[in-house]
Amino acid sequence: MIRSKTSLAMRCKVLIYVVLLTLIKHVSPSGIQASPNSNATLPCNVTIPPYLDKIDKSLIKAGWTKNGSDIASFTQAVTQIKEGFSWDTGDFVNGDFSLTILRASLELQGMYECTISYNSTMLHFSNTTFSILAFPTLSVPQQWVVLETESQLKCSADSFYPPPVSFSWIRDGQVIQPSYNVEGELTPDGYYMAIGNLTFFPSREDQNVTFGCHVSHGGSYQELDFQLNITYLPSVKLSAVPSKSDNIPLTLYCDVESFYPEEVSVSWLQNGTVLPEPPTTDQNPDGTLRTRRYYTLSAEQREQGGKMECAVNQPGVVHPVSGSAFLEILDPRDEAPVLTKSAKASVAMMSISIVLVFLLCFGFSWRRRDEKQKSLTVSGIILPPRVTVGQKGRVTVSIEGRRVDRVQAAWFLNDTPISDTSVTETSKSNFNCLYNPLTTIHLPYGLTLTSPVSEKGRLLPSRDEMGYYKLHTQGPLHSSGNGIQQLISSLTFIPQISIHKGAVFKCQVSYMGKDKIVAERVSEKFTILSAPEVSEIQLAETQNDSDVISMTVRASHFHPDVITFRWFCEGSELSPVASQASSSPRPNSEGFFSASSQCKLPRSELERGGTKVWVSVHHIALKQPVTRETRGFMKSPCVSEIIRSTSTPDQPFMLGCEITDFYPPNISVTWLRLRQGERDDREDEVIEGGEMWGPMQTHPRLYRATASLKRRATNEGKEERGGGITCRVEHCSLTEPIERHWRNVDIVAPSIPPSISVCWSSEGVGVFSLLLKGGHPKVKLVWAAGGATLSPLVSNETEEIGDDGQREMKSLCALERSTSLPSPTNKQLERRKNGHAIKTKNAVTDPDAEGIEYIDEKVDGENNNIDRDEETKSDLDEDSDKETDEDQGALQINRVNLRNGPRENESARLRVCVEITHPALKLPVYRTWTEPIEENSSSA
């Protein structure tokens with residue numbers, strides 16, 4: 001009775017477990033996102049059947065892991081959880097095992113796995129991906145922009161994650177720049193920041209207009225509106241106060257008009273040198289001071305007249321001292337003169353003379369009036385302050401005159417015309433920069449006509465030079481009230497060393513419809529800048545002295561070639577003797593330079609542990625020097641090839657890789673599976689389960705380790721067959737990881753016959769054959785023949801599938817023996833006439849069959865005295881292509897020249913040998929056929 005009750009209880013318990021396994025639902029959310037410093041809950045819920053009255057918490061085993069490391073665990077009613085996480089164990093009986101992340105941060109991102117078991121039975125497993133979503137903070141710095149001058153606005157998006165972020169610009173509710181993505185830059189706190197730029201020319205209509213920077217990130221949309229502060233450039237006119245003598249000081253005044261805003265400062269320059277501010281007081285000989293102050297009266301104040309006073313206030317004086325005078329005395333006005341009769345007559349005669357002279361001059365100047373109106377003032381070509389590779393630069397020319405609306409400007413690089421490559425074919429990554437000169441013609445009423453070449457026309461390449469060019473035209477602008485107008489023509493380009501190094505820009509100005517060039521301006525030669533790319537410091541032992549460590553840094557892709565390396569050690573610059581340039585700058589095919597610098601220090605200095613060595617690289621293209629630093633000694637590891645342990649086909653096998661002679665001991669090993677294919681291998685996935693023994697110290701500063709990977713030969717081996725496995729080793733001393741590859745390919749030895757088959761035709765041509773069965777990979781065969789020495793022969797190999805399903809390789813070699821160089825016989829001439837091919841199958845089965853055609857040597861008069869071995873080689877080189885095209889089944893006949901034996905009437909015996917090599921064979925296998933003595937004597 002007791003046994004039956006126990007059996008019944010066990011059955012009920014097993015039934016409960018089975019019901020739990022069938023009713024528990026698997027929950028696996030795709031991912032949880034949270035903002036920084038907020039709490040996030042990772043769900044892990046188990047549905048418990050309603051008929052279970054009570055769950056024993058001591059039988060519950062729950063755990064959370066992140067990327068393989070434990071986060072929280074609950075075993076035998078004991079809870080262990082890391083700081084920064086929390087969960088409510090009271091909800092376990094309700095099936096809620098959710099984990100709460102406190103103050104989410106970037107370090108807590110990853111894959112979290114939840115495992116639930118009850119009474120040692122797995123009930124639930126789920127994984128959740130947790131990531132941070134931080135929205136950006138927008139800011140637009142307030143800045144002044146200049147009216148009708150290229151300006152740039154910047155919109156900063158800070159502290160966002162993950163990248164990218166999208167920028168767009170709005171003006172008065174209208175999109176002026178479509179949305180575009182910016183990846184951003186990583187900040188030290190782990191988040192990203194990005195800057196969106198808007199380049200435009202401010203106009204008067206932009207005053208008091210609302211602009212907006214719109215940013216979208218992670219489904220959110222933010223907008224920051226602002227208004228522009230536009231600066232209006234003034235017109236400046238300089239004048240002088242009339243002076244009666246050249247020996248007294250001259251007073252100048254400057255009229256500044258039409259400017260905005262009110263804040264303005266004026267400084268004086270003479271010949272480009274800034275003049276100091278004049279002193280407000282001067283010292284007299286008796287020690288007292290004197291000063292002169294100015295005040296300008298308006299026209300209304302001057303007309304009002306009256307008494308003027310100048311009051312001087314001083315410290316301690318109650319009543320200021322003043323000087324006064326009447327304005328009529330200070331500014332006397334002359335009365336209108338009264339002309340006499342004689343004076344009136346003189347004025348009349350003078351007026352008549354002036355009219356006559358004017359009429360005469362008008363007749364002579366009438367023809368030259370148009371030429372005077374066409375006179376132009378052309379400035380020099382203004383170059384950008386810095387010309388950097390890959391960054392746009394602009395050259396500008398200013399043209400002033402009365403009729404600039406009819407002026408056209410053409411740009412040249414050296415003497416080659418430049419076309420606007422930004423107009424057509426903009427979808428291409430490169431543009432054609434030289435085709436025809438792009439001419440901009442300005443028509444009346446502000447209209448412009450760009451280039452006589454159609455903008456839809458195809459840009460033809462010229463001298464294989466490519467580049468980017470864009471023409472800008474601004475104007476005509478009214479510079480003054482006398483009818484003079486201003487036109488600004490500029491050219492934007494992207495510098496390239498291969499195109500622009502040592503080049504100059506030319507601008508030719510002419511009138512529309514006229515061939516005459518009014519003015520030509522040539523720019524100065526400019527220097528193209530390219531910032532260097534600096535590598536990390538590489539440490540290595542000196543070959544001749546192991547106690548000295550050499551540190552090398554390399555700079556590449558810079559221009560011009562002047563570069564400076566400065567080495568420092570714990571704050572003190574190393575002496576020039578300790579550091580030297582390992583290589584002078586050398587240009588590559590694109591014109592960029594590269595150089596390296598090396599510094600040597602004692603090993604003991606670097607092995608102290610706290611020694612810091614850094615190098616500062618200076619170049620004209622760098623705004624700030626580039627710095628690279630290192631601490632302690634490093635040595636690159638040596639990685640062996642992957643070795644497979646021997647095992648039976650059905651047992652697991654082990655792959656191993658030895659890693660030796662590296663320092664420091666921190667090293668990383670990753671195993672990767674490659675896809676099938678020999679030419680197109682690509683990484684498929686990371687293989688888990690790799691192990692590493694070590695690192696173990698072998699010398700005071702050297703370590704070794706062994707990486708291993710265990711594989712099953714049943715399933716994974718079949719999947720990886722034809723592909724391969726890669727062992728990737730990463731170390732701080734390596735700029736790129738070291739990789740070793742292993743392919744899982746079955747190697748099977750072929751079946752080799754014991755001897756060579758041979759058959760001779762009536763023409764004296766022997767066909768030697770060898771049939772190989774099976775084997776993987778393909779067998780390599782080399783035929784040779786001769787007497788005492790052997791010469792290589794040409795053979796023909798074909799592959800077929802035999803009746804037993806195995807792969808068969810047939811190798812055929814045809815040769816004709818001779819002891820001299822006979823002249824062509826009638827049969828040979830007939831063979832030449834009829835053809836040059838010997839059919840392989842017929843020659844093997846029945847050499848004497850009718851219809852068999854033979855290949856014979858193409859001997860001409862110039863080659864009759866050449867040695868037979870050289871003749872065979874030359875015939876092979878000249879005729880192999882032709883024969884292959886004529887008939888793929890043709891067999892090349894080799895000729896072997898045998899010299900006589902030691903006796904005068906004795907001929908040498910012919911030997912034919914074939915060498916068989918295969919990866920499954922430790923040594924090559926040879927098969928040899930030797931001419932019998934009976935055939936030798938009979939043929940003699």
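Cys-213 counts as buried because its relative accessible area is 0%, where buried means under 20%, exposed over 50% and partly exposed in between, using a 1.4 Å probe and protein chains only. This is a predicted model, in which local features need pLDDT of at least 70 and side-chain atom pairs count only at pLDDT 80 or more, while totals for chains, interfaces and linings use all residues. Residues are numbered from 1 along each chain as its sequence is written, and side-chain values use heavy atoms, with hydrogens and water left out. Let's take a friendly walk through the cysteines, the cores and some backbone details.

**Disulfides**

- A disulfide is a covalent bond between the sulfur atoms of two cysteines.
- Here a disulfide is called when two cysteine sulfur atoms lie within 2.5 Å, and the count by this rule is 2.
- Cys-155 is bonded to Cys-213, with an S to S distance of 2.1 Å.
- That link is left-handed, with -95° about the S-S bond of Cys-155 and Cys-213.
- It ties together distant parts of the chain, 58 residues apart: Cys-155 sits in strand S12 (residues 151–160) and Cys-213 in strand S17 (residues 210–217). Helices (H or I, at least four residues) and strands (E, at least two) are DSSP runs, numbered from the N terminus.
- The link of Cys-44 and Cys-114 is left-handed, at -70° about the S-S bond, and both cysteines are buried.
- Counting bonded cysteines along the chain, the pattern reads 1-2, 3-4.

**Other cysteines**

- Cys-569 is in no disulfide, and the nearest cysteine sulfur, that of Cys-599, is 8.1 Å away.
- With a relative accessible area of 11%, Cys-569 is buried.
- Cys-638 is partly exposed, because its relative accessibility is 44%.

**Nonpolar cores**

- A nonpolar core is a set of buried Ala, Val, Leu, Ile, Met, Phe, Trp, Tyr and Cys residues joined through side-chain atoms within 4.5 Å.
- The largest nonpolar core has 56 residues, and Trp-64, Tyr-112, Phe-130 and Phe-167 touch the most other members.
- A second, separate core holds 29 residues, including Val-404, Cys-507, Val-509 and Phe-526.
- Leaving aside residues up to four places away in sequence, Tyr-112 touches several residues, among them Leu-42, Trp-64, Phe-85 and Phe-130; contact means heavy atoms within 4.5 Å.
- The C-alpha atoms of Tyr-112 and Gly-31 are separated by 9.8 Å, although the two residues are 81 apart along the chain.
- Gly-31 is found in the loop between helix H1 (2–23) and strand S1 (32–34), and it is partly exposed at 33% relative accessible area.

**Backbone details**

- Most residues other than glycine have a negative phi, and most peptide bonds are trans.
- A cis peptide bond, with omega near 0°, runs from Pro-163 to Pro-164, and Pro-164 is in the loop between S12 and strand S13 (165–171).
- His-559 and Pro-560 are also joined by a cis peptide bond, with omega about 0°.
- Asn-37 has a positive phi, near 65°, and lies in the loop between S1 and S2.
- Glu-148 has a positive phi of about 55° and is partly exposed, at 37% relative accessibility.
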